[in-house]
Amino acid sequence: GAWTVKEAAVLCSSSLVDMAHLDALRDHKLLNIFMECSKIALKNLKFWRVRLAGLMLLRSLVKRAGIGNPNVGAMHGTNVVNSQDMDQRLMLEAILPFKEDISRQARASLADSQPEVKALASEVCGIISWWS
């Protein structure tokens, strides 16, 4: 049905986020498109797999910005910043303006009737709870 096309489109977007170069992902317009895509998917009340795909897209975005506290190295006195850390910091800076929107979408999904959707929403909330 049409819902499988919607699910596939959002999953494709999620894969694109996972595999794209971070320089391309830091584009505000592109991030805005991904956010709109997830919003539309999460509004689909009839098909839980479409909502799950929307959360997978959000998870892909937030994971590219890094998991955990980016200031841990600074707290331990290490000043070594490798290129991956720098890329994650730049991605985090690019995605921070969307933090409230991501948080709102994920928190709303915590009340979903489907356990898979709730679990993924919880994971997204956990990741962004570390962001400053």
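Mentor: Let us begin with a term: a residue is called buried when its relative accessible area is under 20%, and exposed when it is over 50%. Please keep in mind that this is a predicted model.

Trainee: Why is R51 called buried?

Mentor: The relative accessibility of R51 is 7%. The limit for buried is under 20%, and R51 therefore counts as buried. R51 is found in helix 4, which covers residues 48-64.

Trainee: Which residues is R51 in contact with, leaving aside its neighbours within four places in sequence?

Mentor: R51 is in contact with A41, L42, N44, L45, K46, D112, Q114 and V117. Contact here requires heavy atoms within 4.5 Å.

Trainee: N44 has its place in the loop between helix 3 and helix 4. Is N44 buried or exposed?

Mentor: N44 has a relative accessible area of 11%. Since buried means under 20%, N44 is buried. A polar atom of the N44 side chain lies 3.0 Å from the backbone nitrogen of F47. Leaving aside neighbours within four places in sequence, N44 is in contact with K6, V50 and R51.

Trainee: How do you know that A106 is buried?

Mentor: A106 has a relative accessible area of 0%; the cut-off is under 20%, so A106 is buried. A106 is in helix 7. Not counting residues up to four places away in sequence, A106 touches L55, A121, V124 and C125. Across the whole protein, buried residues make up 38% of the 132 residues.

Trainee: Let us turn to the helices. What does the secondary structure of the protein come to?

Mentor: The protein has eight helices and zero strands. Two packed helices are described by the angle between their axes and the distance between the axes.

Trainee: Why are helix 7 and helix 8 called roughly antiparallel?

Mentor: The axes of helix 7 (residues 99-109) and helix 8 (residues 115-128) cross at roughly 150 degrees and come within 8 Å. Angles over 145 degrees count as roughly antiparallel, and helix 7 and helix 8 are therefore roughly antiparallel to each other. Their crossing is left-handed. In this packing, K99, I102, S103, A106, R107 and S109 of helix 7 meet V117, K118, A121, V124, C125 and I128 of helix 8.

Trainee: What makes helix 3 roughly parallel to helix 7?

Mentor: Helix 3 (residues 28-42) and helix 7 pack at an angle of about 20 degrees, with their axes 11 Å apart. Angles under 35 degrees count as roughly parallel, which makes helix 3 roughly parallel to helix 7. The contact is made by M35, S38, K39 and L42 of helix 3 and D101, I102, Q105 and S109 of helix 7. Helix 3 passes helix 7 in a left-handed crossing.

Trainee: Among contacts between residues at least 6 apart in sequence, what percentage joins residues at least 24 apart?

Mentor: In this protein, 71% of those contacts join residues at least 24 apart.

Definitions and conventions
Residues are numbered from 1 along each chain as its sequence is written. This is a predicted model: local features need pLDDT of at least 70, side-chain atom pairs count only at pLDDT 80 or more; totals for chains, interfaces and linings use all residues. Side-chain values use heavy atoms; hydrogens and water are left out. Helices (H or I, at least four residues) and strands (E, at least two) are DSSP runs, numbered from the N terminus. Buried means under 20% relative accessible area, exposed over 50%, partly exposed in between (1.4 Å probe, protein chains only). Axes are lines fitted to C-alpha atoms, for helices over the stretch in contact, and angles run from 0 to 180 degrees between N-to-C directions. Angles under 35 degrees count as roughly parallel, over 145 as roughly antiparallel, 65 to 115 as roughly perpendicular and the rest as oblique. A crossing is left-handed if the near helix is turned anticlockwise from the far one by less than a right angle, and right-handed if clockwise. A polar contact is a pair of N or O atoms within 3.5 Å; within protein, one must be able to donate a hydrogen and the other to accept it, and residues adjacent in sequence count only if both atoms are side-chain atoms.
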